[in-house]
Amino acid sequence: MASLKVGENKEINTDLIQKACSLAVKAHSKSSQKSYILEKTGGSSYVIFSFPGYWSENDWYDGEPFGETKINLDLFPSLRSIGIDEHAKVNKAFQQRFVDKISRNQDFIKEVEKAKNERKQIVFTGHSTGGSIAILATIWFLEKYWRSDASATSPLCLTFGCPLTGNHIFSHALRREKWAPYFIHFVMRYDIVPRILLAPISSIKQEFQPILQFLNPKSSRASTNTPPEALNFYMNVMKNASSVASHAACKLMGNTNLLLETMANFTALSPYKPFGTFVFCTGNRKLVILSNPDAVLQLLFYSSQLDNEAECPDVAQRSLQQHFSYGNELKDCFTKLDADHAVLLESLEKLPLSADSTTTSSDITTINAALKDLGLSTRARLCLCAAGELEKRKIGNKNSIDLKKADTAMKYLQEYQLSCKHQGLGCYDAFKIHKSDKDFEANVNRLELAGIWDEIIEMLKNYDLPDAFEGEKEWIDLGTKYRHLVEPLDIANYYRHLKNNDTEGYTKKGRPKRYRFTQRWLEHAQRLPAGSCGESCFWADVEELRIKTSSKEGYAPFKDEVLQLEEQAMKWINDGVLDKDVLMENSTFMVWWKKQPDPLASCINDIEGFTITSA
Amino acid sequence: MSQFHLFSSGLELANLVVSSGVLYHSWAAVRDLYSEINQNEQQSLSVRYKVSQQPNSTTIAFFTWPACSKDYIIQGGGGEDLVSSSTLKESFPLFEFLCTKTNPQFSINKAALELFASIRDSLPSLKSQIDNSKVLIITGNSLGESVATLFTLWLLESIDFSITKCPLCITFGSPLIGDNGLQNAILKYPTWNSCFLHVVSDQDPIPRVLISPHNPPATESASQTNVYKPFGTFLLYSESGCGCFKDSQTILELLMATYSKGLGNQNPNQVLELYIKIVEFLNRKVICGDATGLLQWTTPPLRTGIIIQLVAIGLMRPQPQGQNNGLDNLITKIEKQEMELVMSKGLGFNPSKTLNEIKINMAFFEWYKKCFKEKGIGYYDSFKNGSSQTDIEVVKFKTILTHYWEGEVDEAEKKPQKEGAPFRTGWLGAGTNFRRMIEPLDIAEYYNKGLKDYINQGRPKHYKQLEQWLKETEKPASNLSQLKKQNVASSLTEDSCFWAHVEEARISCKLLSSKESSTGEKELSKHNLIHEFENYVLSLMKNHEVSPEIFLPQSSFMLWWKEYEEIIRKGIMGASYYSPLTDLMKNRSYQNYATGDLEIP
């Protein structure tokens with residue numbers, strides 16, 4: 001059985017690909033009632049779900065110039081940027097279609113669960129817009145079953161000539177969750193469909209209807225001739241694709257000219273961005289495979305660029321015809337599949353920039369031949385190279401984080417916490433009073449750490465770290481440890497300097513991003529609701545309640561809040577996420593708490609090993 | 001850093017400019033204007049303009065008629081003459097805002113300025129047609145573009161970039177317009193510089209005529225520094241494509257090197273035709289691949305990027321094996337400039353990192369302050385007396401911190417609000433903390449020198465600015481004064497000039513008790529003490545805005561009180577002088593201030 005190598009340690013059976021491809025096309029032609037078709041194949045080790053496409057203008061662009069909307073986080077909770085807390089965007093019509101026809105379809109859910117329980121490899125597939133539904137179905141499966149059941153077989157998503165579906169956060173989130181490798185997209189060199197959403201509807205409005213008419217396999221076309229609008233359609237889509245690619249390339253290359261920002265005001269740029277592995281079919285039985293999303297975006301433009309103006313009408317026709325040639329092209333490719341015919345582009349930063357023939361290295365000759373088949377000029381190669389370089393640079397940024405320095409500071413603060421306890425006062429209160437040399441040293445260490453973490457946050461905000469960063473256990477643990485140990489000191493510092501006087505309460509206005517981010521990492525990793533891991537803000541809650549209950553109104557109006565705080569404190573202490581030193585006799589918390597009416601009735605007394613000393 | 005490859009993105013930027021359609025759009029506006037005025041030819045040179053509104057954008061086009069030739073600029077009445085900003089100050093002060101302390105003067109091409117001045121009366125009405133919610137394109141033909149450039153410059157003063165999008169001034173074959181003074185004024189604000197895009201064809205002589213040394217200044221007064229310099233981004237065009245350049249030295253060199261003398265000095269209308277062709281050609285070509293041939297495949301990306309740009313602007317043919325037509329020097333030069341740009345951008349990469357380092361210095365400082373307090377003297381007076389070893393340490397930290405904040409304030413000032421850089425609260429908070437902590441030490445040094453009137457005569461600029469910015473962002477007072485009262489012991493005095501007031505009060509005391517002072521001096525001193533200083537201190541205490549450290553036994557404030565008490569005792573202030581503050585000091589109830597137990601009516 002032949003297989004296609006699409007990445008390191010990842011091969012896909014070519015029969016399965018061909019089977020999926022024919023099913024994806026078949027899904028269109030079935031009676032229009034069916035929202036998916038199901039096929040069990042491969043000696044029943046596979047189950048293939050394939051989804052039909054849709055061909056009205058509203059099935060592509062619904063509302064916005066590019067038809068995008070916020071992702072539905074109930075269905076796809078992972079599709080966001082964690083620390084920044086920004087939702088991914090997705091094509092509105094595709095998402096709506098998925099919600100209406102698939103995610104509420106009980107038959108579909110039953111079939112999926114059955115296949116999962118039988119430990120079958122589930123394959124979601126689709127051609128054209130059907131591919132987008134397949135993508136959403138795959139993510140839905142990953143969110144619903146895969147995250148909670150590690151023993152489940154990983155799903156596979158195969159799309160053919162599928163339009164772009166989500167934005168850069170969509171792509172970022174899938175890479176963070178390490179789900180991107182489950183998606184394999186096949187794209188013919190000139191197929192216009194994967195590029196359409198790079199153009200706003202306003203720029204193609206005139207031509208879009210007849211083009212969709214042509215693309216719709218269900219419609220009764222008068223002839224196989226491409227419509228006369230093909231030329232303008234191709235040029236308009238490509239012009240927009242060119243804007244997107246150039247804008248992205250400037251960013252990849254570390255452009256220093258602010259004119260770029262000014263230009264962004266004058267041109268509407270598509271928000272969509274690729275993700276997963278792309279297999280580009282050159283049209284002469286060769287496949288070029290790559291998975292760097294920035295590089296794929298560049299290739300989407302450059303591979304269907306013209307060599308010269310004269311070939312424009314011809315290419316415009318091919319840009320429509322190739323949308324229907326996946327089956328044949330793949331069949332041709334797979335009949336003779338060897339290293340020369342499927343080229344995996346991995347270290348993009350080392351790509352040969354010119355088709356110079358002087359090299360004798362066979363690797364480079366092969367790559368050069370493949371790039372040439374995609375029509376890539378030196379300029380295009382530079383863009384791919386910059387995409388590879390950026391990836392490398394992000395890893396470099398991560399490695400440049402001074403962990404050694406952070407570790408030394410953390411160790412000091414751990415000792416500080418212990419020594420405070422020995423002297424009968426929790427480190428929060430000791431730090432707040434700030435009386436000894438040790439408190440001062442602790443402050444310096446706190447600031448050292450703040451410097452390191454603020455730098456990390458700044459890089460995350462600019463997406464200057466690898467996409468996987470916020471999902472890496474090592475960093476989540478480190479962040480949590482840091483937050484538990486040091487945030488109380490920040491709170492102490494905040495109330496010591498009365499910053500709440502100038503601004504507002506710590507949790508509202510004063511809380512640094514380095515704690516907000518790290519808390520969200522943990523909540524996401526453990527799939528807890530937002531805001532549930534606020535134990536490191538305990539002291540701020542205490543301080544705020546202390547202020548409230550000391551006001552004229554007194555305790556009564558804040559009774560519920562006080563009770564809630566007590567309950568949470570108990571839970572956090574019992575869970576071991578809040579240090580017991582909050583219960584020390586002279587702590588701000590205990591001194592305040594004992595002043596409240598009826599402390600003996602409080603649940604704090606139920607904490608194991610807690611004995612109240614008379615006030 | 002060095003293990004990473006660098007890139008040059010000029011080609012991609014040029015491609016974005018073309019594919020975005022702004023060139024096409026703005027040229028269409030010029031063409032419309034041109035077709036309107038074509039009938040009544042051969043008038044004297046005058047400026048026409050037209051505002052056109054589209055759903056998302058406004059375009060203002062300027063046109064001078066008749067279209068002018070190369071000869072006009074050189075010979076037609078001293079076209080290369082410059083007018084200095086100091087001359088303009090009285091007659092035409094519209095660009096005065098470009099002058100700063102560090103860059104006090106600039107000069108603008110006289111002909112362009114005269115044309116612009118001719119529409120002076122129409123400026124307000126033109127401006128009123130600009131809709132801030134739309135993007136703005138300003139454009140024109142050759143000398144009309146000089147007007148467009150000046151119009152854009154004039155607009156920059158009043159644009160608030162935090163709410164308005166940057167306008168874009170697109171010129172087609174515009175001659176250079178100003179000297180290095182003008183260049184510096186614009187380059188100082190990167191946002192301003194990014195508003196200008198100049199399209200130049202390799203065949204057009206006009207953008208090149210004012211470049212020295214080919215056209216050295218005619219007048220003797222014009223020195224070597226007084227020559228035309230470019231600013232903004234240049235999009236250079238040839239039949240092979242186009243590329244964007246920003247570095248002004250590179251631009252000057254490339255402008256000269258790429259000139260193909262295609263048009264010579266013929267009918268100026270040809271220039272119009274030329275740019276029509278160019279815009280249409282580029283518009284079509286944007287989806288075509290470039291024809292770069294063979295390069296040596298080991299050439300690093302930055303150099304490769306520069307070479308293909310030079311190919312695009314027609315300076316060289318694609319050559320195999322690194323034969324670069326003797327342009328190696330030029331390529332290397334551009335390479336170096338690009339590298340410097342990227343590096344300088346890389347350095348400013350993370351401002352929060354340095355801020356955190358500065359905060360560590362502040363933590364040290366805070367610690368010293370605490371030590372002095374325990375000695376019963378307060379850090380202001382300890383520093384003033386300069387008695388201990390620690391004070392020398394303090395000087396070290398003070399120097400580092402002052403240096404940092406002077407620089408920060410300078411930088412922030414360079415980007416006035418116009419440039420749209422709202423300060424981050426954290427940054428201003430740290431600055432305020434710095435001011436309250438360190439300024440007392442500057443005051444101590446000042447009065448130690450025997451000088452007077454620190455606030456008006458000695459206060460460094462960075463303190464004034466930091467205070468001003470805080471005032472601008474301040475919200476209405478919150479109602480947490482109860483807590484503030486309890487915690488007054490640990491807070492800093494809010495008015496960082498407090499000690500300057502104390503010193504002035506002591507000087508007043510000295511004058512009052514001295515026999516040599518005149519009656520006038522004494523009356524003034526009395527007034528200062530009673531009406532200003534007493535009320536000042538009392539209101540600070542009332543609002544808990546002053547640190548209780550001022551009541552430490554050896555503090556200057558307490559010394560003042562001793563002197564003042566003596567004056568009152570002698571009856572200089574009048575018989576049985578009484579005031580709320582003196583009462584409070586006499587009965588020692590100020591001791592309750594630190595614990596928040598003092599009530600001031």
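A:Phe108 touches A:Tyr36, A:Phe49, A:Phe51, A:Ile102, A:Phe124, A:Ala137 and A:Trp140, leaving aside residues up to four places away in sequence. Touching, or contact, means heavy atoms within 4.5 Å. This is a predicted model: local features need pLDDT of at least 70, side-chain atom pairs count only at pLDDT 80 or more, and totals for chains, interfaces and linings use all residues. Residues are numbered from 1 along each chain as its sequence is written, chains are lettered from A and ligands numbered from 1 in the order in which they are written, and side-chain values use heavy atoms, without hydrogens and water.

**Nonpolar cores**
- A nonpolar core is a set of buried Ala, Val, Leu, Ile, Met, Phe, Trp, Tyr and Cys residues joined through side-chain atoms within 4.5 Å.
- Buried means under 20% relative accessible area, exposed over 50%, and partly exposed in between (1.4 Å probe, protein chains only).
- The largest core has 154 residues. Those with the most contacts inside it include A:Phe108, A:Phe51, A:Trp140 and B:Leu23.
- Helix α8 (residues 230-252) of chain A gives this core its largest share, 12 residues.
- A second, separate core holds 68 residues, among them B:Ala430, B:Trp469, B:Trp561 and B:Tyr593.

**Aromatic pairs**
- Rings of Phe, Tyr and Trp (its six-membered ring) pair if their centres lie within 6.5 Å; planes under 30 degrees apart count as stacked, over 60 as edge-to-face and the rest as tilted.
- The count over all chains is 68 aromatic pairs.
- A:Phe76 and A:Phe98 form a tilted pair, 5.8 Å centre to centre, with 35 degrees between the planes.
- A:Phe76 lies in the loop between β5 (68-70) and β6 (80-81) of chain A and A:Phe98 in helix α2 (residues 92-103), so the pair ties together parts 22 residues apart in sequence.
- Helices (H or I, at least four residues) and strands (E, at least two) are DSSP runs, numbered from the N terminus.
- Both A:Phe76 and A:Phe98 are buried.
- B:Tyr380, B:Trp499, B:Phe533, B:Phe557 and B:Trp561 are among the residues that ring pairs link into a cluster.

**Charges over rings**
- A charge sits over a ring if NZ of Lys or CZ of Arg is within 6 Å of the ring centre and within 35 degrees of the ring normal.
- A:Lys34 lies over the face of A:Tyr36, 5.8 Å from the ring centre.
- B:Lys396 has its charged end over the ring of B:Phe397, 5.1 Å from the centre.

**B:Ser19**
- B:Ser19 is in helix α1 (residues 10-19) of chain B.
- B:Ser19 is buried, at 8% relative accessible area.
- B:Ser19 touches A:Lys239, A:Ser242, A:Ser243 and B:Val286, not counting residues up to four places away in sequence.
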